[in-house]
Amino acid sequence: MSLESIRYKRGTLEILDQLLLPLQTRYVKVQGVEDGWKVINKMQVRGAPAIAIVGCLSLAVELLKEVIDDKKVMRQEIEGKLNYLVSARPTAVNIKLAADELINLANTLSADDNVSPSEFKDRFISSIEGMLKKDIEDNKAIGKFGCEAILNSLKGDGLVRILTHCNTGSLATAGYGTALGVIRYLHESKKLEHVYCTETRPYNQGARLTAYELIHEKIPATLIVDSMVSALMNTRNITAVVVGADRVAANGDTANKIGTYQIAIVAKYHGVPFYVAAPLSSIDMSLKSGERIKIEERPDREMTHIGEHRIAAPGINCWNPSFDVTPASLISGIITEKGVFAPNQLKDIIYMHQTVVPK
Ligand code: MRU
């Protein structure tokens, strides 16, 4: 059975508390928008697609409990709550794009005289629920396209060795995963020799979560600390790097977990292809380039402590940006659910496929 980070049935939502993994498996109830904001902000649930899905589902749970007979009031409430949820973590764009799409839907339903308040609510909630299925379908398509692209770049028909960073698997999505979905697909196709995952300091999503998923799926894997990446590429004949994304700008510049940029530089130096795997809902066409992507800064404690245990000298200053931006020039391809594209092709495909293109 694959790991389930989000458990949802109409009216009830629970998330697997990722701060407790890998040592404890505990689900936390999310009873509405306030809980949704908190579990995202505290990183009990994290990963760009999971943030969007849990945020929107928390609204679905809250709306179901409410009795509102006025569609305009409902529309207004939806907009306010979605904007609040978007503020929980600023870098991942998926929740913002989902919110824009849902606000558009609420506007349409509210303006349609043939739609009753209860039908408005039901159609709105159903639309949020559809995100779960779509995300898994998109991830499987990403897995397939990514697997093909990596195998095509292989000379001969050998097995591949992949390096990944952070956590992009079932825990970060509705299921299957993006970059980890590509790795999973390669493994299912019997083409994966080995995957290396970084520890991903400071918050250890690689050591805690990706390692946990890889063991759970019985995928042959080795954990390295972040400072071993150059040595790994120099000695272990890595076929490709595959990472996820929190926000991809129109020119392909990509914000992802801190440390991604230096891995991309090392990959370029060693001639190793560097792929970003992300759904189209991670692409922000409102930003021409990565310069204006807002980078979240997290509390010092995530650097100075592991759990309750202090590891840094008391009194030291810390800088803790949660993400960095990898320039498009270092990216070999962006693996999406619609195919694999060079960064400079994004503009052409996005207008065909994204429902809402933000201004
Ligand atoms: O801070 P996190 O753990 O939410 O960061 C997660 C990442 O950077 C992932 O690579 C990204 O969100 C893609 S998850 C499919």
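Modeller: Axes are lines fitted to C-alpha atoms, for helices over the stretch in contact, and angles run from 0 to 180 degrees between N-to-C directions. The model is predicted: local features need pLDDT of at least 70, side-chain atom pairs count only at pLDDT 80 or more, and totals for chains, interfaces and linings use all residues. Numbering starts from 1 along each chain as its sequence is written.

Biologist: Why are α3 and α4 called roughly antiparallel?

Modeller: The axes of α3 (residues 71-86) and α4 (residues 94-111) cross at roughly 175° and come within 10 Å. Angles under 35 degrees count as roughly parallel, over 145 as roughly antiparallel, 65 to 115 as roughly perpendicular and the rest as oblique. The pair is therefore roughly antiparallel.

Biologist: Which residues make the contact between α3 and α4?

Modeller: Contact requires C-beta atoms, placed from the backbone, within 7 Å. Among the residues that qualify are Ile-78, Leu-82 and Val-86 of α3 and Ala-99, Leu-102 and Ile-103 of α4. By class, the contact has 9 nonpolar, 3 polar and 5 charged residues. Here Ala, Val, Leu, Ile, Met, Phe, Trp, Tyr, Cys and Pro count as nonpolar, Asp, Glu, Lys and Arg as charged, and the others, Gly among them, as polar.

Biologist: What makes α6 mostly covered?

Modeller: A residue is buried if 20 or more other C-beta atoms lie within 10 Å of its own, exposed if 12 or fewer, and partly exposed in between, with C-beta atoms placed from the backbone. In α6 (residues 179-188), 9 of the 10 residues are buried, including Arg-184, Tyr-185 and His-187. Just after α6, Lys-190 takes a positive phi of about 60°.

Biologist: How do you know that β4 and β7 pair?

Modeller: Pairing needs at least two bridges found by DSSP. Strands β4 (residues 160-164) and β7 (residues 240-243) have 2 bridges, in the parallel sense, and Ile-162 stands opposite Ala-240. Both belong to an open sheet of 7 strands with mixed pairing, ordered β6-β5-β4-β7-β10-β15-β16.

Biologist: Why are β6 and β16 at the edges?

Modeller: Each has a single partner strand, so one side of each is left without a neighbour in the sheet. The twist averages 25° from one strand to the next.

Notes. Helix = DSSP H or I, 4+ residues; strand = E, 2+ residues; numbered from the N terminus. Contact = placed C-beta atoms within 7 Å.
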